[in-house]
Amino acid sequence: MTYRTAALEVTNAMYRATKDVLLPTTVTGSLPRPSWYTERLGSRSFLEAMVGRRYREQYVDALTTYLRDQELAGLDICTDGDCRFDDDVGGQSWTSYPPSHMSGFDRGAPRPALAGRGGIAFPRGHILHDYLEARVMPAIVGRVGRGDLQYTALWKTAQRLTRRPVKFGAVSAEIVAFAVGDDHYQSVPDRMRAIADALNEEYHELADAGCPVIQVEEPQVHLLAVRNLADDVINTDLMVDVFNRTVSGLRAKTEVWAHTCWGNPSQQRMFATTPSYEPALEAYNQIDADVITFECSSTGGMDLAAIGEKITEKKVAVGVIDHHTLQVERPEEVAESVRKALRHIPVERLVLSSDCGMGREGMSRRHAFYKTVSLVLGTNIVRRELGLPEADCLAADERFSLVVSSD
């Protein structure tokens, strides 16, 4: 079989985690919360919460299990499993963490998000209506600042537990701006840019500390067309501008990823039909990122040809594991997804990942673990075919099976 190959020429890139690694593997971010991890961070700062013996023990133990599971599976790039998030309906903490910890928000009086905010609407009787009811978070009452996000402390706590690179991911300024109430800024673009500037300052501290990958999650470029939100004010140009403002200057210091997908609260599909990235790909070429991730497993890879044709100066992380289903992909299925991607994306620019996070309520730890194992085993099949080094997957080492042989 013939696959695409090409020299990688990317300007302004500071590759660290994926430098000199062919077909690197990772997962998006969130992983299922251990049942015994019952402590909540709430609106406390992370460093304040870590003073408490019980919180510190549960947090570090959960974080250790996340990292060790990824090491056992053989991932090249790990995540902290979004360990800072609370056990909220639909994984709501992903959105509410920034407004619950940044300055300029009224943390003492959270408000329900207005119906239809951000183009999201599900009727009563739909599981995601519960998710909408859980969108209760602080509103903006003054100038937005970093506050006590403490992303650097969160990343350090994870990175000191493993020798593998730990990717740090967080929600985009656009998502937060669409979700929160605002008594201060005059317009949605002003609100977005203010949040983006505060996040940029936070990310620079994180990059300066040595974080090898900063992943900004869900730039709204691909979602505007699907949700029919574009107008003279809210449009693709604004989304590109806000993303680039968020990551301005970071690529000189670290590797910047833009994660895109079609949603995952409560592990649910958020669209009745399968959306396509194709209308957004030209705009994605304009974002200031080294790697762009695309949800491809759940869509059968229908956009791979367009992605390969239009995204030519960045690395591409393709989802080969579906976060919506409990069915664990067979390694052979993953391998075929990798082969399909390689028909359109050169091996030098291809990263393998899950479609999205697997921890926003709905999947067990064991399901997520074995999906991760299959991701690595399937990638190893293709690595073997290409003569590339394979990852050690201790989780699949037959020598340590407890099943009694009949021989």
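Buried means under 20% relative accessible area, exposed means over 50%, and partly exposed lies in between, with a 1.4 Å probe and protein chains only. The views below show a predicted model, in which local features need pLDDT of at least 70 and side-chain atom pairs count only at pLDDT 80 or more, while totals for chains, interfaces and linings use all residues. Residues are numbered from 1 along each chain as its sequence is written, and side-chain values use heavy atoms, with hydrogens and water left out.

**View 1**
Helices (H or I, at least four residues) and strands (E, at least two) are DSSP runs, numbered from the N terminus. A salt bridge is a side-chain nitrogen of Lys or Arg within 4 Å of a carboxyl oxygen of Asp or Glu. R339 counts as buried because its relative accessibility is 16%. E336, at 34% relative accessibility, counts as partly exposed.

**View 2. R146 forms salt bridges with E202 and with E205.**
The structure holds 27 salt bridges. In the bridge from E202 to R146, the closest N and O atoms are 2.6 Å apart. This pair links distant parts of the chain, 56 residues apart: E202 is in helix α7 (residues 188-208), and R146 is in the loop between β5 (140-145) and α5 (151-159). E202 has a relative accessible area of 1%, so this residue is buried. For E205 and R146, the closest N and O atoms are 3.0 Å apart. E205 lies in helix α7 and R146 in the loop between β5 and α5, so this pair ties together parts that are 59 residues apart in sequence. E205 counts as partly exposed because its relative accessibility is 35%.

**View 3. Seven strands form an open sheet with parallel pairing.**
Two strands pair if DSSP finds at least two bridges between them. The order of the strands is β1-β6-β7-β8-β9-β10-β11. At the edges are β1 (78-79) and β11 (350-354), each of which pairs on one side only. Strand β1 runs parallel to β6 (residues 166-171), and two bridges join them. T79 stands opposite K167 in β6.

**View 4. Strand β9 is covered on both faces.**
In β9 (residues 291-294), V291 and T293 lie on one side and I292 and F294 on the other, and all are buried. In a regular strand the side chains alternate between the two faces of the sheet. Strand β8 (residues 255-259) runs parallel to β9 and is joined to β9 by three bridges. The bridge partner of H259 in β9 is T293. Strand β10 (residues 315-321) also runs parallel to β9, with four bridges joining the two. I292 stands opposite V316 in β10.

**View 5. A surface patch of negative charge gathers D87, D130, E133 and E361.**
Patches are made of residues with over 30% relative accessible area and no salt bridge; like charges are joined within 9 Å. Asp and Glu count as negative. The place of a charge is taken as CG of Asp or CD of Glu. D130 is partly exposed, with a relative accessible area of 37%.

Key. Patch = residues over 30% accessible without salt bridge, like charges linked within 9 Å, V, L, I, M, F, W, Y side chains within 5 Å. Areas by Shrake-Rupley, 256 points an atom, 1.4 Å probe, with all protein chains shown as cover.
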